[in-house]
Amino acid sequence: MTKKSSNKKGLNRRKFFSVLTAGSVGAFLLPANIGKLFAQDTADKKPETNIAEALKHPRTSTSMPGKYPSSVVKVYHENCLSDNQPDQEAAYKMITSGMLALTGEESIKEAWSNFVKPDEVIGLKLNPVAGKMLSTSHGVVKATIKHLEEAGIPRENIVLWDRREFQLHETGFTEENYPRIKIRGTEIKDKEDSFYNKDGILYGEEMIDKDWYYWADVEGKYDEHTLPYMVNEGKYSYFSKICTQEVDKIINIPILKNAGSSITLCMKNLGYGVISNTGRLHEKLWSETSAEVCAFPPVRDKVVLNIVDGIKGCFNGGPAANPQFITEYKTMLFGSDAVAVDRVGYEIILAKRIEEKIQEADKPKSRQFMEYANELGLGESDIEKIKLREIKLA
Amino acid sequence: MKVLRSIIILICICLGFSGYSQINIDDIPDAKVFPQSEYNGESLWGYINGGADLYLEYGFNKLMVQEIEWKDILLKVNIYEMSSEEAGFGIFSANIHKCKKRNVLKEFDCQGPYQYQVFAGKYYISVINEIGKPEAEEISAELGKILLEKIKAVQSVYPDLYTTTLLKDHLGKLKFCKGKLGLQNIFADWSDLFTEIKNYNIWLLLQENNKIALVEFEKKEEREIFLTLIKTNKVEKSKTWKIDNRTLILFESSSDNTDSEKYLQLIESYINKN
């Protein structure tokens with residue numbers, strides 16, 4: 001994988017817009033209407049970002065939207081909960097059905113070989129941020145690991161990861177529960193509950209890769225309590241070394257959750273999950289960050305598969321967990337196209353929000369990040385163009 | 001601001017908050033009590049990441065988190081100290097939905113299988129259990145009772161429009177928000193109407209067939225922008241009344257609501273009185 005040039009700031013959005021106007025786009029191809037979106041953003045006075053720098057990198061055979069663009073498989077299993085928790089055996093069957101339908105292969109081993117190889121290090125990007133009640137479930141994670149092992153991936157080559165290592169531990173992703181599998185996080189606490197090493201440096205500092213960054217013209221400034229969760233301040237968000245250096249491929253396993261009237265699913269799990277200094281990005285660049293971070297090669301070229309854990313999810317109050325809004329969707333989604341998977345997940349959550357009378361109709365603004373991701377060439381956001389296959393398991 | 005000034009205090013057991021002191025072993029001798037963690041405005045972000053924004057939008061002071069193991073059930077207590085009683089009510093109203101049981105220990109509480117929630121002045125309390133069984137539900141409320149006694153001060157505040165005869169029985173459906181995230185959580189369909197407006201307070205009685213909102217804007221001009229948007233968006237069967245310089249009442253009714261005339265009369269009579 002090519003690393004970024006030493007031009008620290010890179011092209012900002014305004015400069016990029018000029019480049020487009022001058023017709024010197026160069027090596028990267030863009031959809032014809034991308035200028036319209038940027039023009040609109042300029043009118044809204046959106047802060048500039050270094051998205052143009054990301055788009056300079058030539059695409060590879062594994063770049064998003066991956067092997068199966070515009071394809072999503074939705075698997076529903078009536079009896080996928082056991083003692084109110086996602087059941088590993090049911091999840092295993094759901095994964096089998098989903099993977100075979102997605103790839104069109106006849107054997108499950110062949111299906112997996114479209115995404116991963118035995119000598120690769122595979123990162124499973126989880127989402128434990130809402131705590132035990134609404135974390136990526138153990139049923140789904142353990143079933144995925146079983147599948148990977150059967151596909152020839154040794155346990156030693158599997159990494160469970162997220163931003164916060166301690167949140168993974170708190171939600172049960174421990175060495176004890178997952179022997180021989182690495183549990184990694186960018187933000188780390190030691191056994192004394194300290195974020196800082198003996199030299200007073202944040203452990204998180206050692207986990208960020210300063211060669212890869214998302215720059216946005218929004219300053220992050222944090223107090224002493226918050227800084228360890230953000231790793232650094234300023235206008236740069238650095239990619240985690242777990243993403244840039246430690247894993248070869250990423251399987252993204254978010255949970256089916258809302259974020260206001262939008263969703264926090266595949267792209268949000270990546271956009272806000274693989275970089276530091278995210279607190280500054282929520283207010284003005286929520287949609288942009290979710291899409292743009294996925295356009296950087298460490299994410300764009302490594303995320304080969306998305307498996308949405310929607311056995312339990314939420315329809316309001318997300319991304320936090322509020323029991324009243326947690327529901328049993330009994331569903332998993334599969335796709336290499338993160339944008340298309342997000343769009344299908346969005347429809348599921350929207351339908352539930354309407355049923356629960358939290359809203360009466362779709363709100364197109366809530367889909368903005370998917371449409372932007374589509375314009376960045378990351379996947380399909382138009383529901384009419386998505387090939388959705390639905391499977392019901394008894 | 002006559003209407004909002006006439007906000008009433010319904011219950012006032014003790015004025016002047018003495019603050020909350022954490023649960024200790026003396027409160028529940030047969031329980032295992034874990035140490036309490038505290039999060040302030042900024043560190044809340046570290047604790048619940050993007051979920052913090054909703055609390056910060058309402059106005060947040062601190063969060064106290066404590067785990068208690070009682071009768072073999074692990075309970076997680078979250079006590080949010082908000083910046084005002086309105087903020088306490090608002091975050092409570094955003095967090096409740098189709099309560100299985102209401103008014104279990106006091107007005108404005110909500111009992112579900114996994115959670116007991118209550119609004120107590122500027123505090124919003126949530127007691128969560130992980131098993132959702134009847135015994136866990138019962139013990140969550142029992143712990144809620146202990147917490148309410150420790151907080152001592154219990155106040156409820158909302159505009160007196162909602163205490164009128166026709167509406168007072170529906171107070172459980174009253175919501176309060178003061179920003180886009182609150183609105184997205186409470187009634188997302190209106191969020192486009194407020195896109196251009198920076199600061200506002202919305203009291204909203206959200207009923208099956210109608211909505212009665214009291215909206216306070218920061219500036220008179222913003223109220224005018226809102227009224228234009230209402231017209232542009234052709235919000236069906238809606239009617240607005242201006243009150244003082246920055247406030248209005250908005251009534252929205254579904255087309256099959258045969259009671260709408262009753263509500264219109266009520267609002268008009270309320271306005272005449274004020």
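This is a predicted model: local features need pLDDT of at least 70, side-chain atom pairs count only at pLDDT 80 or more; totals for chains, interfaces and linings use all residues.
Two of them are set out here.

| Pair | Centre to centre | Angle between planes | Class |
|---|---|---|---|
| A:Trp286 and A:Phe369 | 5.5 Å | 90 degrees | edge-to-face |
| B:Tyr80 and B:Tyr124 | 5.5 Å | 20 degrees | stacked |

The chain A pair joins distant parts of the chain: A:Trp286 is in helix H12 (residues 282–292) and A:Phe369 in helix H15 (residues 368–375), 83 residues apart. Helices (H or I, at least four residues) and strands (E, at least two) are DSSP runs, numbered from the N terminus. A:Trp286 is buried at 18% relative accessibility, and A:Phe369 is buried at 1%; buried means under 20% relative accessible area, exposed over 50%, partly exposed in between (1.4 Å probe, protein chains only).

Over in chain B, B:Tyr80 sits in strand E5 (residues 73–82) and B:Tyr124 in strand E9 (residues 123–129), so their pair ties together parts 44 residues apart in sequence. B:Tyr80 is buried at 5%, as is B:Tyr124 at 1%. Both belong to a cluster linked by ring pairs, with B:Phe108 and B:Trp203 among its other members.

As for the bookkeeping, residues are numbered from 1 along each chain as its sequence is written, and chains are lettered from A and ligands numbered from 1 in the order in which they are written. Local features need pLDDT of at least 70, side-chain atom pairs count only at pLDDT 80 or more, and totals for chains, interfaces and linings use all residues, while side-chain values use heavy atoms, leaving out hydrogens and water.

Terms used. Rings of Phe, Tyr and Trp (its six-membered ring) pair if their centres lie within 6.5 Å; planes under 30 degrees apart count as stacked, over 60 as edge-to-face and the rest as tilted.
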